[in-house]
Amino acid sequence: MNTLLKCLFLSAAALLSACASFSSVQPGQSAAEVEKLLGAPTEKRSAAGGDQTWEYNRLPEGRQIWMVTFGADSRVKLIKQSLTEENFGNIRQGQSSRDEVLRLLGKPSSRNLFDRTGEEVWEYQFYSDSWRMLLDVYFGAADGVVKRYTTMLDKAHHYSPVESN
């Protein structure tokens with residue numbers, strides 16, 4: 001029992017330190033300060049007007065993608081967790097491209113091409129409250145435009161009672 005408590009305590013401490021890292025980033029901090037706090041980003045993307053966004057992708061099990069946006073002066077303008085249901089509302093059916101979704105949400109944990117339906121599906125894992133969820137974004141394989149997106153419970157991480165005969 002003592003070993004179990006130690007493991008739980010260490011796991012909780014690790015999770016809290018990961019959260020604290022992102023919460024310690026504040027608008028106005030320099031890119032060098034952010035890199036010192038968080039380490040190297042998983043992706044860097046340039047945007048119009050000289051802005052740059054750094055992606056810190058924690059998928060699949062981290063279920064978070066943090067985006068830190070810097071202005072042309074290399075100072076933090078915004079930090080946000082991109083995998084939120086509110087942010088999913090910015091995906092526009094029939095309009096958003098692969099590149100727009102990549103900039104909005106970050107790199108998915110998987111990409112699958114379905115020849116029969118002519119669709120490419122990007123999958124993201126996220127949390128909704130304490131529930132483990134999945135987001136699937138469906139693109140037309142040929143034009144790369146969003147056809148639809150769906151969210152659902154990640155059944156692989158939730159258990160249901162076993163039925164007996």
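Leaving aside its neighbours within four places in sequence, which residues is S30 in contact with?

**View 1. The surroundings of S30 in the predicted model.** Contact here means heavy atoms within 4.5 Å, and, once neighbours within four places in sequence are set aside, S30 is in contact with F70, S74 and R75. S30 belongs to the loop that runs between helix 1 (2–23) and helix 2 (31–38), where helices (H or I, at least four residues) and strands (E, at least two) are DSSP runs numbered from the N terminus. S30 counts as buried because its relative accessibility is 15%, the term buried being used for under 20% relative accessible area, exposed for over 50% and partly exposed for what lies in between, with a 1.4 Å probe and protein chains only.

The model is predicted, so that local features need pLDDT of at least 70 and side-chain atom pairs count only at pLDDT 80 or more, whereas totals for chains, interfaces and linings use all residues. Residues are numbered from 1 along each chain as its sequence is written, and side-chain values use heavy atoms, with hydrogens and water left out.

View 2. The strands follow the order 1-2-3-4 with antiparallel pairing, two strands being paired if DSSP finds at least two bridges between them. Strand 1 (43–46) and strand 4 (76–81) are the edge strands, each of which pairs on one side only. On average, and with direction ignored, neighbouring strands of this sheet are turned by 20° against each other, where axes are lines fitted to C-alpha atoms, for helices over the stretch in contact, and angles run from 0 to 180 degrees between N-to-C directions.

**View 3. The hairpin of strand 1 and strand 2.** Strand 1 pairs with strand 2 (residues 52–57) in the antiparallel sense over four bridges, and the hairpin that they form has five residues between the two strands, with G49 in the turn showing a positive phi of about 80°. S46 stands opposite Q52, while R45 has T53 as its bridge partner in strand 2.

View 4. Strand 2 is mostly covered, with five of its six residues buried, and it pairs with strand 3 in the antiparallel sense over six bridges; W54 stands opposite V68 in strand 3. Helix 4 (residues 98–105) lies across strand 1 and strand 3, and runs at about 95° to strand 3.
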